[in-house]
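Visitor: I have a structure to go through and would like to ask about it piece by piece. Could we begin with the salt bridges and move on from there?

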Amino acid sequence: SAITTATNTNTNYSAFLVHNYTTNDDVSFTTQVGVTNQQFSRNIVSVIASDLIASETNVDQAANINANQSRLEQEDFGFFAQEEFNYQDKFIATLGVTGDKSTNNGDINEFFYYPKASLAINLSNFDFWGDNDFLNRFKVRAAYGEAGTFAAFGSLFTILGNTLIDNNVGIIVPTTRGNPNISPERQKEFEIGFDAGLLNDRISVEFTYYKKKVQDLLLQANIEPSSGFSREWVNAGELENRGFEIGINIKAFDSEN
């Protein structure tokens, strides 16, 4: 017989300010700033009873009772600022930065900053493009951005276990050692591509080449046994993904019937 009770409470607070401004030359600016706060609280208690007496189903009516409890407490805080610039839908640019901190990091008060930027040019909106019935729309674009992944809950602590020796309760050292200097993973991605419309947008083509690198990977690494542990949470290693994406949309039929 088993009984499990789980209490999970997540609260999210956010505040944003957005300001739009357009000049007489059709230059528009969109300014955004904001703050976010996320709080996670989880408590799971399970009781498993085996070798029950006769037909009893209560967990206290058993020869063997095993109780487990798992708790998680995490709080994340962040802010961001972003500026978007649009000139007559010919040049479109974005600059922004995000700052994040978390109780899962080694230093819970340290902010980690992640910038981003993008630029797009609608060549088909310039006067020199003219009326092109075959290639009526063509936009080139490039973007760069960074993001972070917080460490797992508890990875900065060495979590001791419990034991029972001669009916005396005690604590034992675990096999995994915490790292008080643990920090987030950092992801960096760059992409470049174009969007095109042919035959009055009857055919749309999208092409993107991307390159993504992840640094300070979060993982459990094997360490020397003489330390008294076998593994430790560390920021180590790099991972890189490269590739391209192609999308083609075709309006094969477009008529009243």
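Guide: A salt bridge here is a side-chain nitrogen of Lys or Arg within 4 Å of a carboxyl oxygen of Asp or Glu. Please keep in mind that this is a predicted model.

Visitor: How many salt bridges does that rule give?

Guide: The count comes to seven salt bridges.

Visitor: What is the N to O distance for Arg-177 and Glu-232?

Guide: The side chains of Arg-177 and Glu-232 meet in a salt bridge at 3.3 Å, N to O. This pair links distant parts of the chain, with Arg-177 in strand E9 and Glu-232 in strand E13, 55 residues apart.

Visitor: Is Glu-232 buried or exposed?

Guide: Glu-232 counts as buried because its relative accessibility is 14%, and the cut-off for buried is under 20%. Arg-177 has a relative accessible area of 24%, so Arg-177 is partly exposed.

Visitor: Let us look at E12, then. Where does Leu-219 lie, and what is it in contact with?

Guide: Leu-219 lies in strand E12, which covers residues 218–222. Leaving aside neighbours within four places in sequence, Leu-219 is in contact with Glu-232, Trp-233, Val-234 and Ala-236.

Visitor: Why does Leu-219 count as partly exposed?

Guide: Leu-219 counts as partly exposed because its relative accessibility is 32%.

Visitor: Changing topic: which residues form the largest nonpolar core?

Guide: The largest nonpolar core has five residues, namely Leu-135, Phe-138, Ala-196, Leu-198 and Val-205. At least two residues of this core come from strand E6 (135–149), and at least two from strand E10 (185–198).

Visitor: And what is Leu-135 in contact with?

Guide: With neighbours within four places in sequence left aside, the contacts of Leu-135 are Trp-129, Ala-196, Gly-197 and Leu-198. Two of these, Ala-196 and Leu-198, are also listed in the core.

Visitor: Which residues form the nonpolar patch on the surface?

Guide: The patch consists of Tyr-144, Phe-190, Ile-192, Tyr-209, Phe-244, Ile-246, Ile-248 and Ile-250, with about 800 Å² of accessible area together. The elements that give two or more residues to the patch are E10 and strand E14 (238–250). The largest share, four residues, comes from E14.

Visitor: What makes Phe-190 partly exposed?

Guide: Phe-190, whose place is in strand E10, counts as partly exposed because its relative accessibility is 36%.

Visitor: Back to the charges. Which residue does Arg-242 bridge to?

Guide: Arg-242 forms a salt bridge with Glu-240, the closest N and O atoms being 3.3 Å apart. Salt bridges that share partners also join Lys-139, Arg-141 and Asp-195 into one network. Arg-242 is exposed because its relative accessible area is 57%, while Glu-240 is partly exposed at 36%.

Visitor: How far apart are the N and O atoms of Arg-71 and Glu-73?

Guide: The closest N and O atoms of that salt bridge are 4.0 Å apart. Arg-71 counts as exposed at 54% relative accessibility, and Glu-73 as partly exposed at 41%.

How values were computed: Residues are numbered from 1 along each chain as its sequence is written. This is a predicted model: local features need pLDDT of at least 70, side-chain atom pairs count only at pLDDT 80 or more; totals for chains, interfaces and linings use all residues. Side-chain values use heavy atoms; hydrogens and water are left out. A nonpolar core is a set of buried Ala, Val, Leu, Ile, Met, Phe, Trp, Tyr and Cys residues joined through side-chain atoms within 4.5 Å. Buried means under 20% relative accessible area, exposed over 50%, partly exposed in between (1.4 Å probe, protein chains only). Contact means heavy atoms within 4.5 Å. Patches are made of residues with over 30% relative accessible area and no salt bridge: like charges are joined within 9 Å, nonpolar side chains (Val, Leu, Ile, Met, Phe, Trp, Tyr) within 5 Å. Accessible areas come from the Shrake-Rupley method with a 1.4 Å probe; for residues, only the protein chains shown count as cover.
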